[in-house]
Amino acid sequence: MNQKNNMMCDMETGICGPAGENADAMEFIDLSAQKKTIELYYVTDPICSHCWALEPVLRKFVDQYSQYFNMHTVMGGLLEKWEGFADVSNGISSPADVAGHWREVGEHSRMPIDGTVWYDNPIESSFIPSRVYKVIQEKNPALANPFLRRAREELFAFNQNIAQDETLIKLVNQIGLNGEEIVQESKLPEANTSLQEDFQLVRQLGVRGFPTIVMVNEEQQGVRIVGARTLEDYTNALQKLLPNETLRAEQLSNLETLLQREKLLFSREIEAYYSIEQNEIDAFIQQQLPQDTYTADSILGEKYIRCQSPKQIC
């Protein structure tokens with residue numbers, strides 16, 4: 001072949017020129033692996049304590065296997081208002097009843113939960129932060145789940161009322177959006193309509209509690225997993241829907257990259273993500289992170305690290 005006719009531009013270097021002797025003019029490729037055939041619906045609520053407990057496992061599952069599914073986070077509507085509300089199975093009929101239940105979840109999961117907000121400044125409705133979530137999801141989908149994460153940190157670990165405007169404005173500002181503007185939009189009828197559409201989807205999926213993960217394949221066959229489960233439970237469910245594939249886990253991010261993305265990580269989350277023991281956490285952090293990239297602290301007996309970088313990437 002005339003080398004002058006065998007030209008290409010290298011995507012990595014940006015240099016255009018002869019393709020070289022080893023470049024095939026024609027080659028067989030297979031793009032089928034790039035097609036995601038599973039729809040995954042994560043039904044949750046900003047004030048769901050078991051959803052907070054699930055975070056370490058869910059993060060690892062998504063980071064390792066999201067190449068197989070399209071993930072949709074759906075608001076479930078846990079608490080519209082206290083008038084007439086009762087969770088008989090957990091013995092909850094008033095705000096004060098929630099604190100004890102939350103403490104049990106926190107102690108069992110080791111995801112820190114204070115809970116005294118229910119005595120001091122109870123949340124009147126989870127619909128309020130849920131509507132803010134929906135507004136963000138409409139405007140900038142990539143920032144919706146970071147907002148949900150920040151809200152849960154403020155509520156569960158740091159005991160802040162995430163149904164109050166000042167707290168919500170601060171949280172939205174933290175993810176780089178205009179907090180006052182977003183919170184005001186969340187009070188418009190359109191935000192409530194969007195939230196009600198989530199509730200309709202929840203009913204269609206047959207979900208009655210949180211967290212629930214529903215995976216559906218192209219044949220509309222699915223698996224519904226109720227409650228906070230193990231990583232193996234979710235991978236096994238995914239495998240059932242992809243019986244002709246061997247699931248391959250993606251390589252996990254290193255701790256520095258993960259912390260830059262998440263901003264704050266509790267010890268339990270790091271342990272679950274990297275499959276290490278609690279007594280190894282200090283040495284692991286010191287080995288993985290440059291000293292000037294994080295600060296370390298503890299709350300409710302649990303250690304956590306927060307991103308702090310001179311490069312302004314936090």
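These are my notebook entries on a predicted model of one protein chain.

**Entry 1: ground rules**

I number residues from 1 along each chain as its sequence is written. Because the model is predicted, local features need pLDDT of at least 70 and side-chain atom pairs count only at pLDDT 80 or more, while totals for chains, interfaces and linings use all residues; side-chain values use heavy atoms, with hydrogens and water left out.

**Entry 2: the whole chain**

I started with the secondary structure and found 12 helices and 9 strands in the protein chain. Helices (H or I, at least four residues) and strands (E, at least two) are DSSP runs, numbered from the N terminus.

Next I looked up burial. Of the 314 residues in the protein chain, 46% are buried. Buried means under 20% relative accessible area, exposed means over 50%, and partly exposed lies in between (1.4 Å probe, protein chains only).

The protein chain exposes about 17,400 Å², and carbon and sulfur atoms supply 46% of that area. Accessible areas come from the Shrake-Rupley method with a 1.4 Å probe, and for residues only the protein chains shown count as cover.

I also checked contacts, meaning heavy atoms within 4.5 Å. Among contacts between residues at least 6 apart in sequence, 66% join residues at least 24 apart.

**Entry 3: the sheet of E7, E8 and E9**

What is the strand order in this open sheet of 3 strands? I read it as E7-E9-E8, with antiparallel pairing. Two strands pair if DSSP finds at least two bridges between them. As background, strands of a sheet pair through backbone hydrogen bonds, either parallel or antiparallel.

Why is one side of E7 and of E8 left without a neighbour in the sheet? Both stand at the edges with a single partner strand each, so one side of each has no neighbour there. The twist averages 25 degrees from one strand to the next. Axes for such angles are lines fitted to C-alpha atoms, for helices over the stretch in contact, and angles run from 0 to 180 degrees between N-to-C directions.

Helix H10 (residues 255–262) packs on the sheet and touches E7, E8 and E9. The direction of H10 makes about 115 degrees with that of E7.

Then I went through the pairs. Strand E7 (residues 264–266) meets strand E9 (residues 302–307) over 3 antiparallel bridges, and Leu264 stands opposite Arg306 in E9. Strand E8 (residues 294–299) is joined to E9 by 6 bridges. Here Asp297 has Tyr304 as its bridge partner, and Ile299 stands opposite Glu302. The hairpin of E8 and E9 has 2 residues between the strands, and Leu300 takes a positive phi near 55 degrees in this hairpin.

**Entry 4: nonpolar cores**

In soluble globular proteins, nonpolar side chains tend to be buried together. A nonpolar core is a set of buried Ala, Val, Leu, Ile, Met, Phe, Trp, Tyr and Cys residues joined through side-chain atoms within 4.5 Å.

The largest core has 45 residues, and Trp118, Ile47 and Phe266 are among those with the most contacts inside it. Helix H5 (residues 141–157) gives the largest share of this core, 8 residues. The core draws at least three residues from each of domain 1 (38–204) and domain 2 (255–307); the domain bounds come from an automatic or database domain assignment. A second, separate core of 33 residues includes Val202 and Met215.

I then picked Trp118. Not counting residues up to four places away in sequence, Trp118 touches residues including Ile47, Trp82, Pro95 and Trp102.

**Entry 5: a buried strand residue**

Is Ile38 buried or exposed? Ile38, found in strand E3 (residues 38–44), is buried, with a relative accessible area of 0%. Leaving out residues up to four places away in sequence, its contacts include Tyr68, Met215 and Leu242. Ile38 and Leu242 are 204 residues apart along the chain, with their C-alpha atoms separated by 8.6 Å.

A cis peptide bond joins Phe210 and Pro211, with omega about -10 degrees. Pro211 is found in the loop between helix H8 (189–204) and strand E5 (212–216).

Asn159 is not a glycine, yet has a positive phi of about 65 degrees. Asn159 lies in the loop between H5 and helix H6 (165–174) and counts as buried at 18% relative accessibility.

Ser275, also not a glycine, has a positive phi of about 55 degrees. Ser275 sits in the loop between helix H11 (267–274) and helix H12 (281–288), and is exposed, with a relative accessible area of 57%.
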